Amino acid sequence: MPERVVEVVPEEGLHARPASLFVETANEYDAEVSVGPEGAADDDLVSASSMLAVTGLGVAGGEKLRIVAEGGDAEAALDALEALLSTPEDEL
Amino acid sequence: MSERRLAGIDVTPLAGVGTVVWYRPDADLPEPPAPEDVDGEAEFAAFEAARDEAEAELDEERERTAERVGEDEAAVFDAHAQFLTDPQIADGVAERIDGGLPATHAVRETFDEFVEQFAGMEGKMAERADDLRDVRDRLLRILTDGERVDLSALPEGSVVFAERLTPSDTAQLDPERVAGFATVTGGRTSHAAIFARSLAIPAVVGVGEALNDVADGETVVVDGDAGEVVVDPDEDTVAAASEDATAPVREGAVETVDGTEIEVAANVGTPAELGPAAERGADGVGLFRTEFLFLDRDDAPDEDEQYAAYREAIETFPDGRVVVRTLDVGGDKPVPYLDLPAEENPFLGERGIRRSLGPDADLFETQLRALLRADADTDVGSLAVMLPLVATVEEIEAAETVLEGVVDDLRDEGVDAERPEFGVMIETPAAAFMADAFVPHVDFFSIGTNDLAQYVMAAERGNDAVADLGDFRQPAVLRAIDAAARAAEGTDVWVGMCGEMAGDPELTELLVGLGLTELSMSAVTVPAVKARVAEIDTEAATALAERALAAASKDEVTDLLT
């Protein structure tokens, strides 16, 4: 299954607007995307299409995330999410 | 019956008077019916219908907020929409309906589970709990068919009381109809507070449980300037609150009858207050409290963030002066990253300039750099830097050395920095006594009457039992003001005042008589004070001041003023 480890650039971390855009983006793809802190076991990953779950991770700016995608457009989904997380908040 | 004052946190420099309307969106739901009486399919359909309606409302409010307040504040509704349609919510509600609960109770329990989870987390996460409550209450309102107060259709002159107001609640308030709001919980930087300032609604938050004792239909004044809710207000209090809102705005400098120009400026706490201050005819900013940049956050603002705020202030008053007070915090303020020690008596402890020359020296230098860069990059307006809680000449000299070092550093970096106007607050008795020794070091004095009165009279500001002692009309307070004003007389040092005393039109003549040439106050009182200045004759004002200084009691002073 394609997966990536990506650093969260927005200073606020994965809250509010960055989290909102993250969930929105994940939902645009057919692939099932799940996410967790770097090093999280498969069972500890949460659904990237749930705002509650994503916000509930409590990820701060500068921390790293493990993102796993499964499905036809998995790579495209990962590209989009990586680009989003690599953008400072004021440019989002 | 006499009026009662409930203290809270001041949010908007505006006062309003009106009738209490309690808004209790999370009022208890009726007992749920027995599980066997619940039609699960119908309840889930009701939930889905409510969810669709809530989504449509959020869309609409998002648009409205983007127009009225701004894109940044509107973004919160996107997050709400995502919580609303979150699969975990739908699953939780479906599960509970299967278990025999009606949609209302299923929604409440599902959301409350997540609210609790988020509320237990730190910092930013706790704010998400507010967002979830907001979405929960919206769904419950729709499900119970709006058996709640409709905030967008309140009678004119309503004062909304609530446990808390969510961004959605606040966005519905119509400033034309709502006279103000007050909440039990909440802080100065809560969403509700930001909305209130943007929409110019008088507001006090964080009043505490005492607010619950005020009933629907009572008359109250919400004084968002003093941070008070006045229940059963006296005629005078009502008149003052109403007058503030109606005095006509005067643009440009005002002079006394005999031609002495008096600068009437505004006290501001956040950049959001700058625009409204200019609209009320303030000539400039006489006190820009910079604490807002530092409070309620996890780390100190960097130089660029401060720069942006200061630059905005200077540019808002292209023809005026912006007096910025350097960071004034002590053991009574919540600034987690500063490691402020718990002190036995924080008002007499390490605060204000004492910290800036001690443990917060780095922050002080960063703040001065941001200020001087903002000044250098603006061709309009002018900047003045003011030190809080000064008591000795050595403190001024030490701060001056830091300031000069910053000017030199910036010039080395190619910034066209200049030494700004430099002054001190007169708020300790020591500063009033030693003002003549301060004169060679400064360009101005600004008398901070709230603290000066408290320190001169040894009477705590927030303590009603000693409020009479801490009154500005106490002759001892007037003599302290006079000491500073006399020290500056005949020199190039100008003397102003920031603090509540400066915003009371009944005291304007006395202050002009004492020799003050700048008065800075909450923006809301600027029009009334400007109108008063234009009626004053300085000779009569001087005579009034002389009589007040000779008075033996506060009552004598009060008699002279009426």
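Predicted model: local features only at pLDDT ≥ 70, side-chain atom pairs only at ≥ 80, totals over all residues.
Q: Why is B:A196 called buried?
A: The cut-off for a buried residue is 20 or more other C-beta atoms within 10 Å, and B:A196 has 28 C-beta neighbours inside 10 Å, so B:A196 counts as buried. This residue lies in helix α7 (residues 191-199) of chain B. Leaving aside neighbours within four places in sequence, B:A196 is in contact with B:V11, B:T12, B:T170, B:F181, B:I201 and B:A203. The C-alpha atoms of B:A196 and B:P175, which are 21 residues apart in sequence, are 8.9 Å apart in space.

Q: What makes B:D232 partly exposed?
A: The label applies in between the two cut-offs, 12 or fewer for exposed and 20 or more for buried; B:D232 has 14 other C-beta atoms within 10 Å and is therefore partly exposed. B:D232 is found in the loop between β8 (228-231) and α8 (235-246) of chain B, and its phi is near 50°, a positive value in a residue other than glycine.

Q: What makes helix α16 (residues 449-457) of chain B a mostly covered helix?
A: Seven of the nine residues of this helix are buried, namely B:T449, B:D451, B:L452, B:A453, B:Q454, B:Y455 and B:V456. What covers these buried residues of α16(B) includes β14 (421-426), α14 (429-433), β15 (444-448), α17 and β16 (494-498) of chain B.

Q: How do you know that helix α19 (residues 526-533) of chain B is mostly covered?
A: Of the eight residues in α19(B), seven are buried. The buried residues are B:V526, B:P527, B:A528, B:V529, B:K530, B:R532 and B:V533.

Q: Why are α1(B) and α2(B) called roughly antiparallel?
A: The axes of helix α1 (residues 40-68) and helix α2 (residues 71-84), both of chain B, come within 8 Å and cross at roughly 170°. Angles over 145 degrees count as roughly antiparallel, and the two helices are therefore given that description. In their contact, residues of α1(B), including B:R51, B:A54, B:L58 and B:R62, meet residues of α2(B), including B:E71, B:A74, B:F77 and B:L84. By class, this contact has seven nonpolar, two polar and seven charged residues.

Q: What makes B:V424 stand out in the largest nonpolar core?
A: This core has 133 residues, and B:V424 is among those that touch the most other members, together with B:F181, B:V285, B:F445 and B:A484. Helix α17 (residues 475-488) of chain B gives the most to this core, with eight residues, and the core draws at least three residues from each of domain 1 (4-23 + 154-242) and domain 3 (255-561) of chain B. Leaving aside neighbours within four places in sequence, B:V424 is in contact with B:M386, B:L387, B:V390, B:I396, B:A431, B:F438, B:V442 and B:F445. A second, separate core of 52 residues includes A:V8, A:L57, B:F47 and B:L139.

Q: What makes up the contact between chain A and chain B?
A: The contact takes 14 residues from chain A and 15 residues from chain B. On the side of chain A that touches chain B, the elements giving two or more residues are α1 (16-27) and α2 (51-56) of chain A, and α2(A) gives the most, with five residues. By class, this side of chain A has five nonpolar, seven polar and two charged residues.

Key. Residues numbered from 1 in each chain as written. Chains lettered and ligands numbered in written order. Core = buried A, V, L, I, M, F, W, Y, C linked by C-beta atoms within 7 Å. Helix = DSSP H or I, 4+ residues; strand = E, 2+ residues; numbered from the N terminus. Domains from an automatic or database assignment. Contact = placed C-beta atoms within 7 Å. Axes fitted to C-alpha atoms, helices over the stretch in contact; angles between N-to-C directions. Parallel < 35°, antiparallel > 145°, perpendicular 65-115°, else oblique. Nonpolar A, V, L, I, M, F, W, Y, C, P; charged D, E, K, R; others polar.
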